[in-house]
Amino acid sequence: MEIQLRDYRIEPGHMDDWITGWEGGVLPLRRQEGFEVVGAWVDRAHDRFVWLVGYSGADGFSAAEARYHALPERLSLNPEPSGYIRSATLDMVDRVL
């Protein structure tokens, strides 16, 4: 499985808005497209949301990611959850344990 570590800084005061949009829109669409969310964590003191998302399809993570972002359902999410992200770091990681 290819795994990506996503580390987001959320706009101050909008963590609950982000989580609502992520749980109600992003998460089900990711799963629909074959992604697996390995885990997600919140550091409210620093407006930080960190999650691991994996994909093991033969077409690879990048192709699945492009397909996900082009979904009509993803494009029509309202509110658009990514509007709550102030900054993001996305890194592919390898499992050690």
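A: The buried residues of H1 are Met-15, Trp-18, Ile-19, Gly-21, Trp-22, Gly-25, Val-26, Leu-27, Leu-29 and Arg-30. Buried means under 20% relative accessible area, exposed means over 50%, and partly exposed lies in between (1.4 Å probe, protein chains only). The model is a predicted one, in which local features need pLDDT of at least 70 and side-chain atom pairs count only at pLDDT 80 or more, while totals for chains, interfaces and linings use all residues. Residues are numbered from 1 along each chain as its sequence is written, and side-chain values use heavy atoms, with hydrogens and water left out.

Helices (H or I, at least four residues) and strands (E, at least two) are DSSP runs, numbered from the N terminus. H1 has 18 residues and spans 24 Å from its first C-alpha to its last, close to the expected 26 Å. That expected span is 1.5 Å times one less than the number of residues. H1 bends by about 45° at Trp-22; the bend is the angle between axes fitted to the seven residues ending there and the seven starting there. Gly-34, with a positive phi near 95°, follows H1.

The buried residues of H1 pack against S1, strand S2 (36-43), S3, H2, helix H3 (72-75) and strand S4 (85-93). Contact here means heavy atoms within 4.5 Å.

Next comes the core. A nonpolar core is a set of buried Ala, Val, Leu, Ile, Met, Phe, Trp, Tyr and Cys residues joined through side-chain atoms within 4.5 Å. The largest one has 22 residues, and Tyr-8, Ile-10, Trp-18, Trp-22, Phe-35, Phe-49 and Trp-51 touch the most other members. Two or more residues come from each of strand S1 (2-10), helix H1 (15-32), strand S3 (48-55) and helix H2 (61-70). H1 gives the largest share, seven residues.

Setting aside residues up to four places away in sequence, Ile-10 touches Met-15, Trp-18, Asp-47, Phe-49, Tyr-84, Ile-85 and Arg-86.

Val-53, in strand S3, is another. Val-53 is buried, at 0% relative accessible area. Apart from neighbours within four places in sequence, Val-53 contacts Glu-2, Ile-3, Gln-4, Arg-6, Arg-30, Phe-35, Glu-36, Val-37 and Phe-61.

Side chains of opposite charge can pair when their charged atoms come close. A salt bridge is a side-chain nitrogen of Lys or Arg within 4 Å of a carboxyl oxygen of Asp or Glu, and the structure holds eight of them. Arg-30 belongs to a network of salt bridges with Arg-6 and Glu-65.

Asp-7 pairs with Arg-48, their closest N and O atoms being 2.8 Å apart. This pair joins distant parts of the chain, as Asp-7 is in strand S1 and Arg-48 in strand S3, 41 residues away. Asp-7 also meets Arg-9 in a salt bridge of 3.1 Å, N to O. Asp-7 is buried at 16% relative accessible area, whereas Arg-48 is partly exposed at 28% and Arg-9 is partly exposed at 31%. A further salt bridge joins Arg-74 and Glu-80 at 3.0 Å, N to O; Arg-74 is buried at 9%, and Glu-80 is partly exposed at 31%.
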